[in-house]
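Open the model in your viewer and keep the sequence panel beside it. We will go from one selection to the next, and at each stop I will tell you what is there.

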Amino acid sequence: MTMPDAMTLPFDDTVGAWVPHGRFSLAPTGSGPLDGLGFAAKDLYDVAGHRTGAGNPAWLRSHEPAAHTSPVVARLMDAGARLHGKVITDELAYSIQGDNMHYGTPRNPRAPDRVPGGSSSGSAAAVAAGLVDFALGTDTGGSTRVPASYCGLWGLRTTHGLLSARHMVPLSPLFDTVTWLAARDEVFERVGRVLLDDAREVAWREAVVLTDACAQADAAFGPLVESVAGALQAAGLPLARGPVSATDLETWRRAYITVSAHDAWRAHGDWITREQPVFAPAIAARWQAAAGTGAEAAAEARAVQDRLRAEVRGLLGEDRVAVLPSASSAAIARTADPAAVDAIRAQTFRLTSIAGLAGLPQVNIPFIGDDGLPAGVSLLGPAGSDLSLIRLAISIGKRLSALGAHA
């Protein structure tokens with residue numbers, strides 16, 4: 001195979017975001033709305049002639065250089081963006097923490113003593129450090145929303161299936177989505193205009209604060225949620241408050257964990273059994289649990305998912321937007337006790353599983369809380385409302401920025 005023309009990175013990786021095999025730079029293949037912008041791709045996206053590592057050396061070793069480039073990567077380069085290589089992901093994207101025992105933990109530039117969040121850890125760190133204008137991530141169970149919240153970035157989980165996941169290493173195809181992060185709202189929207197040209201426009205009718213979701217987050221998120229709610233009202237949207245469902249969010253979390261684990265083992269079980277890769281202990285435990293998740297348990301959880309999906313889609317309808325915290329806490333200390341990490345992870349999944357189970361878009365609006373740490377508040381919208389949701393979120397961000405409340 002002929003390697004593409006490439007140069008090494010034109011800058012120093014000051015945050016440890018790039019994987020060793022991802023230190024290359026490719027010129028744009030066209031010209032357009034993204035002229036002059038540089039981006040990085042999470043090391044799940046294929047780039048023809050380069051290896052994809054998926055966060056684990058065994059994957060890198062057992063797979064040949066890619067024969068094709070991800071259509072999302074290609075589209076961005078066709079629109080004028082330069083690709084600055086590949087950045088770290090948690091192993092096979094099976095974590096929201098942001099560490100990697102093989103390649104390290106990228107530094108969170110906004111909170112250096114804390115993790116960047118994962119699994120799009122390198123993407124978030126590279127953008128927050130200003131090394132690239134934006135970066136591709138993925139979001140299965142929160143892998144973009146959590147790093148966006150932890151690092152103070154704009155981030156979007158797209159409507160499931162809206163963007164092509166071809167030539168991208170999956171975690172759980174039933175939930176995997178193509179995403180991106182940016183520090184500047186105008187760059188965030190420019191990328192959206194390139195990738196989401198088929199997304200529908202929405203005339204927003206009403207906003208609702210999800211009270212059960214807010215109860216899962218630390219107290220620091222309360223004033224931020226209220227700021228967003230107030231800005232939506234000031235923009236002319238009537239405001240309601242209530243739970244996303246009569247079903248407790250722990251049921252949502254368990255349904256997501258069960259369905260995604262069974263799906264992930266179907267995607268990777270044969271490879272794991274054959275190659276016997278070395279995983280970090282927490283990720284190894286997840287794969288062990290996934291291997292033991294049977295079809296009957298998965299089918300029961302899928303039935304729960306179908307019911308919950310109908311509930312939240314019914315709540316939002318075609319033109320309602322919901323407000324909720326993006327994560328349950330600020331970024332976790334790098335030295336945190338594993339038991340504390342697991343507890344925070346469970347709380348966060350009670351939040352992120354809402355959009356995951358329903359297949360809906362969710363945009364993180366970045367803030368700095370009263371404690372000086374980044375914290376994100378999200379807008380959750382109907383299926384296919386991605387571009388309108390981005391524009392609404394940015395308009396709220398600008399309104400709050402004028403009041404000095406926005407990050």
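Start by selecting strand β4, residues 154–157. Buried here means under 20% relative accessible area, exposed means over 50%, and partly exposed lies in between, with a 1.4 Å probe and protein chains only. Strands are DSSP runs of E with at least two residues, helices are runs of H or I with at least four, and both are numbered from the N terminus.

A word on the ground rules: this is a predicted model, in which local features need pLDDT of at least 70 and side-chain atom pairs count only at pLDDT 80 or more, while totals for chains, interfaces and linings use all residues. Residues are numbered from 1 along each chain as its sequence is written, and side-chain values use heavy atoms, leaving out hydrogens and water.

Strand β5 (residues 177–182) runs antiparallel to β4 and is joined to it by 4 bridges; look for R157, whose bridge partner in β5 is T179. Strand β9 (residues 362–368) is also antiparallel to β4, with 3 bridges between them, and here L156 stands opposite V363. Two strands count as paired if DSSP finds at least two bridges between them.

Follow the chain from β4 towards β5 and stop in the loop between them, at H167. H167 is not a glycine, yet its phi is positive, about 55 degrees.

Next, select helix α5, residues 185–195. Of its 11 residues, 9 are buried, so α5 is largely enclosed by the rest of the structure. The buried set includes D185, F188, E189, R190 and L195. What do the buried residues of α5 pack against? Show α2 (71–78), β3 (134–139), β4, β5, β9 and α12 (386–402) to see them.

Two stops lie in the loop between β2 (82–87) and α3 (121–128), where you will find S119 and L92. The peptide bond joining G118 and S119 is cis, with omega of about 5 degrees. L92, although not a glycine, has a positive phi of about 50 degrees. L92 counts as buried, because its relative accessibility is 0%.

Move on to A217, in the loop between α6 (211–214) and α7 (221–234). A217 is buried, with a relative accessible area of 14%. Beyond its neighbours within four places in sequence, A217 is in contact with P325, A327 and S328, contact meaning heavy atoms within 4.5 Å.

Finally, zoom out to the whole protein, which has 12 helices and 10 strands. Its C-alpha trace spans about 60 × 50 × 40 Å along the principal axes. Buried residues make up 60% of the 407 residues. Among contacts with a separation of 6 or more, 78% link residues 24 or more positions apart.
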